[in-house]
Each structure stands twice: as C-alpha cells, then as structure tokens.
Amino acid sequence: LKNDPPPRFVALEALREKRTGFAADERSSVDILEGEFPHVDFSDLHVERPEILPGESNAAVRARCKSFFEGDFPTFQDDSVALVTHKGWLRELRRSLKERVDAGDLHTDFDMNDWDQTLYKNAEVRVAKIGWDSNKMTSLVSRSVENALGSIVGDRLRHLLEERLGVDNENHMKKTLSTPELSSFAKEPFVMHQSLPPMKRT
C-alpha cells in the first residue's frame, strides 16, 4: 500500500546456491556486491562461520536448508517474506520437507504431483502459507503464482457479485457472469493484495 514501508532486502549465506565449484555457482566478493547493490543488507555475509567449500554435496545443502528453516527463519517478524534462491537449494529444501512429511512431523499441500521430485523452472515463483507452533513449522500450503492470483481474483469477484447483485449461490453466480449488470463494476479497479490475507503464523 502507499503508506507501507519499503521492503527490506537481506542477503543470507544460508540461501546461497550449492557450491559445485563451477563459476556459475559462485558469487562476487561481498565488497563488490555491496557497491553494486547498496539497497541490500549484506551484514550476514560478514558473520564469521565455517566456510561453505566448493564441491558441496546435496546432503550438505539439505542440511543447510533444514538448519535455516529450524533456526533463523522462525525468528523473522515479518508477516510476508520472499525467499529468492537457486534450483539446487530449492530441490534439497523440498527433499528435507518430504523427510518431515514421511516422519509425520509436517503436513503439506501442493498443487502439483511429485512435488518433492519436481525441479523449479527458471524464474519460477510460488506462494506458500506456513503454519507454526512454538516456532516449529507444522504445515505448508504451496501454490503456483498463477493459481494463487486466480484464487484472489475469484474471491474478489465472488465478493463483488454478492455485494452488488445479492448472489450467494455458486450456480447462480456462474449463470450471472455474462449478464449486463457485471459491466457496471467490471471496469472498476481494485487492489488484489487487499483481499490476500497476511501470512501470519498460526
């Protein structure tokens, strides 16, 4: 919204790509990055910790994902967080989540089959809502951004129909979609994120 504070951009060592040893999986020095992206907080990259060495195994990346979700992530105070990372990291994240599902420690709901085996596409965006209990993740619902936006628009349209036309029956609503009465408000702008509930911990 107009009066909301701007988003914070924070670089986290835990989210870096798997260090295969190839140039494509390496980054520039922190000093160079801080000069190129002054709006990003790189303080976490200055923290002294064991270095992630080239030749990192998938199991090591999975352990890194697990440590992040059980350690740093639950301490975030924001209602909504965008995690921007890489395919290898996301692959091992899903595998670590599947381990918890198999152990009966986590409930998940994905809008895709074989979610723990499917690789992310280039620049793919997914929306997730996480349930928490005492800083422990207990549930995760994941949707493609297309499905998430479709749900938002559908909910908004349903609300408009009920508000303007007094429609409260789904079948009646479907029949009403082509009526001229919709034209009176179909062109009215609305902010979709106003109908998206914040991703609060439950």
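Is Asp111 buried, partly exposed or exposed? Let's work through that and a few related exercises on this predicted model.

**Exercise 1. Classify Asp111 and describe its salt bridge with Arg126.**

Step 1. Start with accessibility: Asp111 has a relative accessible area of 26%. Buried would require under 20% and exposed over 50%, so Asp111 is partly exposed.

Step 2. Turn to the partner. Arg126 has a relative accessible area of 17%, so Arg126 is buried.

Step 3. Now check the distance: the closest N and O atoms of Asp111 and Arg126 are 2.4 Å apart.

Step 4. Asp111 sits in the loop between strand S3 (107–110) and strand S4 (126–133), while Arg126 belongs to strand S4. The two are 15 residues apart, and the pair links distant parts of the chain.

**Exercise 2. Find what the salt bridge of Arg27 and Glu13 ties together.**

Step 1. Confirm the bridge: the side chains of Arg27 and Glu13 meet at 3.0 Å, N to O.

Step 2. Locate both ends. Arg27 and Glu13 each lie in the loop between strand S1 (9–10) and helix H1 (30–36), so their pairing ties together parts that are 14 residues apart in sequence.

Step 3. Compare the surroundings. Arg27 is partly exposed at 35% relative accessible area, whereas Glu13 is buried at 9%.

Step 4. Widen the view: through shared partners, salt bridges join Glu13, Arg16, Arg19, Glu26, Arg27 and Glu51 into one network. In total, the structure holds 18 salt bridges.

Step 5. For another pair, look at Glu56 and Arg64, whose closest N and O atoms are 2.9 Å apart in a salt bridge. Both Glu56 and Arg64 are buried.

**Exercise 3. Describe how helices H2 and H3 pack against each other.**

Step 1. Take the geometry. The axes of H2 (residues 58–70) and H3 (residues 87–102) come within 8 Å and cross at roughly 70 degrees.

Step 2. Name the arrangement: angles of 65 to 115 degrees count as roughly perpendicular, and the crossing therefore makes H2 roughly perpendicular to H3.

Step 3. List the contact residues. H2 contributes Asn58, Val61, Arg62, Arg64, Cys65, Phe68 and Phe69. From H3 come Gly88, Trp89, Arg91, Glu92, Leu93, Arg95, Ser96 and Glu99.

Step 4. Sort them by class: the contact of H2 with H3 has six nonpolar, three polar and six charged residues.

**Exercise 4. Trace the nonpolar cores.**

Step 1. Recall the background: in soluble globular proteins, nonpolar side chains tend to be buried together.

Step 2. Begin with the largest nonpolar core, which has 19 residues. Phe68, Phe69, Trp89, Leu93, Leu97, Ile130 and Met137 have the most contacts inside this core.

Step 3. Ask where the core residues come from: H2, H3, S4 and S5 each supply at least two.

Step 4. Another core, of six residues, lies apart from the largest one and includes Val30, Leu33, Val40 and Phe42.

**Exercise 5. Examine the positive phi values of Asp114 and Asn135.**

Step 1. Consider Asp114, whose phi is near 50 degrees, a positive value. Asp114 lies in the loop between S3 and S4 and counts as exposed at 55% relative accessibility.

Step 2. Then take Asn135, with a positive phi of about 65 degrees. Asn135 lies in the loop between S4 and strand S5 (136–144) and is partly exposed, with a relative accessible area of 44%.

Methods
Residues numbered from 1 in each chain as written. Predicted model: local features only at pLDDT ≥ 70, side-chain atom pairs only at ≥ 80, totals over all residues. Heavy atoms only, no water. Axes fitted to C-alpha atoms, helices over the stretch in contact; angles between N-to-C directions. Helix = DSSP H or I, 4+ residues; strand = E, 2+ residues; numbered from the N terminus. Contact = heavy atoms within 4.5 Å. Nonpolar A, V, L, I, M, F, W, Y, C, P; charged D, E, K, R; others polar. Salt bridge = Lys/Arg side-chain N within 4 Å of Asp/Glu carboxyl O. Buried < 20%, exposed > 50% of the residue type's maximum accessible area, 1.4 Å probe, protein only. Core = buried A, V, L, I, M, F, W, Y, C linked by side-chain atoms within 4.5 Å.
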